[in-house]
Amino acid sequence: MSYFRITLHRSAIGLPQRTRDVLSALGLHKRSQTVYHPVEPQFAGMIMKVKELVKVAEVDRKLEKWEVKAERRPDSGFYLEKMAPRMEDGGQKVGSRVLARLRGEEDGEMTVEGVRTEGGGQVRL
């Protein structure tokens, strides 16, 4: 069985009472609220009355409340794709500060001794 997934996209403030009653009959009271109704003619007619205010999608099953919430949640942050280069000559490790920032552990100033060449020039670390 398929369902209409109806999300209130625009507010009903200032609209006629009849339009607000249709939204209330659909079960929509707040913006960004999502409800599910079976694909039937009476629900399709109500959706047509308020089509400018809602977003509608046809889905095959009702999502649970936690699934809808998980859809709205943004990605969990940064991903570490590649480690920063480390010095091999006995100085402090360059990559440790990058990892500390990603973990949120600022350990103050780090001094790294050594010289590395980048793009044809030398960079003092």
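Is Glu52 buried or exposed? Glu52 counts as exposed, because its relative accessibility is 54%. Here are my notes on the rest.

1. Ground rules. This is a predicted model, so to speak: local features need pLDDT of at least 70, side-chain atom pairs count only at pLDDT 80 or more, and totals for chains, interfaces and linings use all residues. Residues are numbered from 1 along each chain as its sequence is written, and side-chain values use heavy atoms, with hydrogens and water left out.

2. Salt bridges. Searching the whole structure turns up three of them. The term here stands for a side-chain nitrogen of Lys or Arg within 4 Å of a carboxyl oxygen of Asp or Glu.

3. Glu71 with Arg5. In this salt bridge the closest N and O atoms sit 2.9 Å apart. Glu71 belongs to helix H3 and Arg5 to strand S1, so the pair ties together parts that are 66 residues apart in sequence. (Helices, H or I with at least four residues, and strands, E with at least two, are DSSP runs numbered from the N terminus.) Arg5 is buried, at 17% relative accessibility, while Glu71 is partly exposed at 49%. For those words, buried means under 20% relative accessible area, exposed over 50%, and partly exposed in between (1.4 Å probe, protein chains only).

4. Glu67 with Arg61. These two side chains also meet in a salt bridge, at 3.1 Å from N to O. Glu67 counts as buried, with 17% relative accessibility, and Arg61 as partly exposed, with 42%.

5. Lys51 with Glu52. Back to the residue I opened with: Glu52 forms a salt bridge with Lys51, and their closest N and O atoms are 3.8 Å apart. Lys51 is partly exposed at 45% relative accessibility.

6. Positive patch. Lys30, Lys65, Lys69 and Arg73 gather on the surface in a patch of positive charge. A patch takes residues with over 30% relative accessible area and no salt bridge, joining like charges within 9 Å and nonpolar side chains (Val, Leu, Ile, Met, Phe, Trp, Tyr) within 5 Å. Lys and Arg count as positive, Asp and Glu as negative, with His and the chain ends not counted; a charge is placed at NZ of Lys, CZ of Arg, CG of Asp or CD of Glu. Lys65 is part of helix H3 (residues 65-72) and is exposed, at 76% relative accessibility.

7. Thr7. This residue lies in strand S1 (residues 3-8) and is buried, at 17% relative accessibility. Leaving aside residues up to four places away in sequence, Thr7 touches Ser32, Gln33, Thr34, Leu53, Val54 and Lys55, where contact means heavy atoms within 4.5 Å.

How values were computed:
Accessible areas come from the Shrake-Rupley method with a 1.4 Å probe; for residues, only the protein chains shown count as cover.
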